[in-house]
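Please have the model open in a viewer, with residue selection ready. The tour goes from one selection to the next and says what is there.

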Amino acid sequence: MMDSKDLEAEIHPLKNEDRRLQENQENIAKKEDNLKSTPVQSRLSRCRTAAFFLSLFICLLVVFVISFIVPCPERTASQGTWRIDYNTAVAYDFLAMEDINRDRVQDVLFLYKSTNSSNDFNQSCTDEGFSSPCTFMAAVSGVNGSILWERPAAQDVALLECAVPQPRDSGASSACILVGKRGSLTAINSFTGQTLWNHPSSLGRNASILSPLLQVADLDADGVPDLLILTQDGKAVHGYIYSGSTGHQIGHQGSLSVDGTSGSLLHVTRVGAHYILFPCASSLCGQSMKGLYEKVTGRDSTLRRDPGWEDTLNATAHRLLLHSSGSIRYLMNVPGKGGEDLLLVTSEACMLLDGQELAPKWTFSAAQVLRKPILGHYKPDTLAVVIENGTGIDRQILLLDLGTGAVLWSQALPGLAGDPQSASLPTADHRSAFFFWGLHELIGATQMEPRDPQHSLYLFHPTLPGILLKLTNISANIVAFQVALFEPGRHAACIFLTGPASPDEPGLVSMAKHNVQDLILSSTVVRLAEDGPDNAQAIQNRLSRLRYRSET
């Protein structure tokens, strides 16, 4: 029997269709109501998603354009070795490193004395009003040895200091300050070679200029460190202060009331007081910059005095008597805890003084130290001081812990009278590579060989304490030598400046650059102990992979 609804549908089919149509319309209306009630946040989310993908597409397009369409600037490849020569010239013991042409490679500044410049510039002494011969200053590209600029700079040079800051309105960020033997003062733009300012001598006629040229505090408040020149007239030492920005003298000459010698330095105590220190025979002489400035100008200074130092230094003699015999040969500022300490080398000992109390921290007896010590890292991040003790066949290289004075490493290494000073270069493992000059083959000899031996350069790294690498031999007279990091993270190189031994006999002057890595790969391995590690090739490969870092 049929259901009543089915029966009705069969009897009234159109009525049933009307009902279904009405139900569909009601469903559509409900869906439209649901769509109208969709939250606004959902539509905003879709907009954000679209904006994100659009931004991502634009970024990818920009990266594509920069990476594949815009060409990268070409980087000039540095030559591992180059050399420049000057005929009939004399070289000065001076080398300075600075990125002069802004190519991210260090360039070389140096001095030589001649009648004319190189053929590239064709300048003579008379072009700048000097008589021949005169002193030329040159800047050489560290990339390929090409001359960047060159010019007559002074008649003759007594002191030279580069990387001296200059005012912003001067057009030069730094300058080289030249002090002539007769006392003239000249500032040269390190990047162009142009003269920034020049002043005639204001020193006494019979005065002898003492080295070095010191950069002191900004005394005239122009934002640039000022300059101090010390001279000796008889036994008296005088000081002359000059503006670092203009070269004008500040005040008049001031007597330091001592009979000191060359080798002065500026020391800042823990309380921020500035003192000029210099050797006075077996004593250490000092004068506060505040006292010197007030003496030469008659005006008060904002600089400070250190009460402790004023009590320690004799009020009339300005001396600190050391508990050590022998005259002071070298005086150095070295890093200490909370400030700088003082390293003194006398004719009989090497000692470290506390930079504030001036009390000895340690003393190392040394028979004969004739060279200024250098610093390096034997252990990671631990400073060591390199001492060259003795001369000739009795010469010995000593590495002392700067904090305690303990011997970390020692090696006999006979040397020649004309050997350059040792050098060090920080490595990526927070140690240092050390460079020594000497003649290892003369160990055990009773006297120096009668023939004229060549200067030999050795490399030592603390990770191989029983190994030296003989890098190269040089037969010419070496005037100056320096090891420098030419490109951060790329390569280190040695600079050799050779020339006549006598300034009165001009001859061939040469400056050459040699990549340290190339020297290592062609070196000779010297074993200091019988049971050495690895074979020679493995040692060369290992040390050639050393990476170097800057001092800062």
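Strands here are DSSP runs of E with at least two residues, while helices are runs of H or I with at least four, both numbered from the N terminus. This is a predicted model, in which local features need pLDDT of at least 70 and side-chain atom pairs count only at pLDDT 80 or more, whereas totals for chains, interfaces and linings use all residues. Residues are numbered from 1 along each chain as its sequence is written, and side-chain values use heavy atoms, with hydrogens and water left out.

Now widen the selection to residues 423-426 and 432-438, which are β25 and β26. The two strands run antiparallel and are joined by four bridges; strands pair if DSSP finds at least two bridges between them. Five residues lie between β25 and β26 in this hairpin, and His430 in the turn has a positive phi of about 65°.

Stay on β25 and show its side chains. In a regular strand the side chains alternate between the two faces of the sheet. Ala423 and Leu425 point one way, Ser424 and Pro426 the other way, and all are buried. Buried means under 20% relative accessible area, exposed over 50%, and partly exposed in between, with a 1.4 Å probe and protein chains only.

Next come the cysteines. How many disulfides are there? The count is three, a disulfide being a pair of cysteine sulfur atoms within 2.5 Å. With bonded cysteines counted along the chain, the pattern is 1-2, 3-4, 5-6.

Select Cys125 and Cys134. Their sulfur atoms are 2.2 Å apart, and both residues are buried. The torsion about their S-S bond is about -95°, so this disulfide is left-handed.

Move to Cys162 and Cys176, where the S to S distance is 2.0 Å. The torsion about this S-S bond is 105°, a right-handed link. The pair links distant parts of the chain, 14 residues apart: Cys162 is in strand β5 (residues 157-165) and Cys176 in strand β6 (residues 174-180). Both cysteines are buried.

Then select Cys280 and Cys285, joined with an S to S distance of 1.9 Å. Which hand does this disulfide have? It is left-handed, because the torsion about the S-S bond of Cys280 and Cys285 is about -140°. Cys280 is buried at a relative accessible area of 1%, and Cys285 is buried at 0%.

Finish with Cys350 and Cys494. Cys350 has 0% relative accessibility and counts as buried; Cys494 is also buried, at 0%.
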